[in-house]
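Reader: I'd like to go through this model with you, one question at a time. Can we start with the structure in view?

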Amino acid sequence: MTIDTKRTLTTQEVAARFSALAQQEKWFEIQDELFADNVKSIDPPNSRYFKYAEGKSAVRKKGMDFVQNIEEAHGRSTTQPIISGNHFAVGRNVDLTVKGFGRIQIDEIMLYEVKDGLIVSEQFFY
């Protein structure tokens, strides 16, 4: 008989790990480590760049499709997280040249919900 001694991370711990990886632009590592299998990714309804995705593999594909079209990164930054209850938010600024869109600049707020030590939803406001 084995006993699972893995401790569930708190929202503060998830946010701290998220922040450490985000500062290094390690977004796929964030998905691998911190996203729940049933994660939801929600963009504004009329977004020109992204659509809704649900499930870890669909969210991964959404990100990969966008990253594959980046021709040049002119600037990227992410703020430290602000934590409240089981949510945390960060500010994100990107300045990119993207195939099919040209040069785009996005200033956004990224809101994350944590449940049982994993991110269950990400929502973007831009």
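Reader: Which residues of α2 are buried?

Author: First, the ground rules: this is a predicted model, where local features need pLDDT of at least 70, side-chain atom pairs count only at pLDDT 80 or more, and totals for chains, interfaces and linings use all residues. Residues are numbered from 1 along each chain as its sequence is written, and side-chain values use heavy atoms, with hydrogens and water left out. Helices (H or I, at least four residues) and strands (E, at least two) are DSSP runs numbered from the N terminus, and buried means under 20% relative accessible area, exposed over 50%, partly exposed in between (1.4 Å probe, protein chains only). On that basis, the buried residues of α2 are Ile30, Gln31 and Leu34.

Reader: What do the buried residues of α2 pack against?

Author: Contact here means heavy atoms within 4.5 Å. By that test, the partners are α1, β1, α3 and β7.

Reader: Which residues does Leu34 touch, leaving out those up to four places away in sequence?

Author: Leu34 is in helix α2 and counts as buried, at 2% relative accessibility. Its contacts beyond four places in sequence are Leu9, Val14, Arg17, Phe18, Leu118 and Ile119.

Reader: Which residues of α1 are buried, and on what arc?

Author: Thr11, Val14, Ala15, Phe18, Ser19, Leu21 and Ala22 are the buried residues of α1. They lie on the same side of α1, since the arc they cover around the axis is only 165°.

Reader: What volume does the largest pocket have?

Author: The search uses a 1 Å grid over the protein atoms alone: a cavity is a set of points where a 1.4 Å probe fits but cannot get out, while a pocket is an open set with protein on both sides within 12 Å along at least five of seven lines, and lining residues have an atom within 4 Å of a point. Grid points are joined across faces, edges and corners, and a volume is the space filled by probe spheres set on the points. For the largest pocket, the volume is about 590 Å³.

Reader: Which lining residues lie nearest its centre?

Author: The largest pocket is lined by 28 residues. Elements giving two or more residues to this lining are α2, β1 (35-42), α3 (56-67), β3, β5, β6 and β7. Nearest the centre lie Trp27, Phe50, Phe66, Val67 and Arg92.

Reader: Is Asp116 buried or exposed?

Author: Asp116 lies in the loop between β6 and β7, and its phi is near 50°, a positive value in a residue other than glycine. With a relative accessible area of 64%, Asp116 is exposed.

Key. Arc of directions from axis to C-beta.
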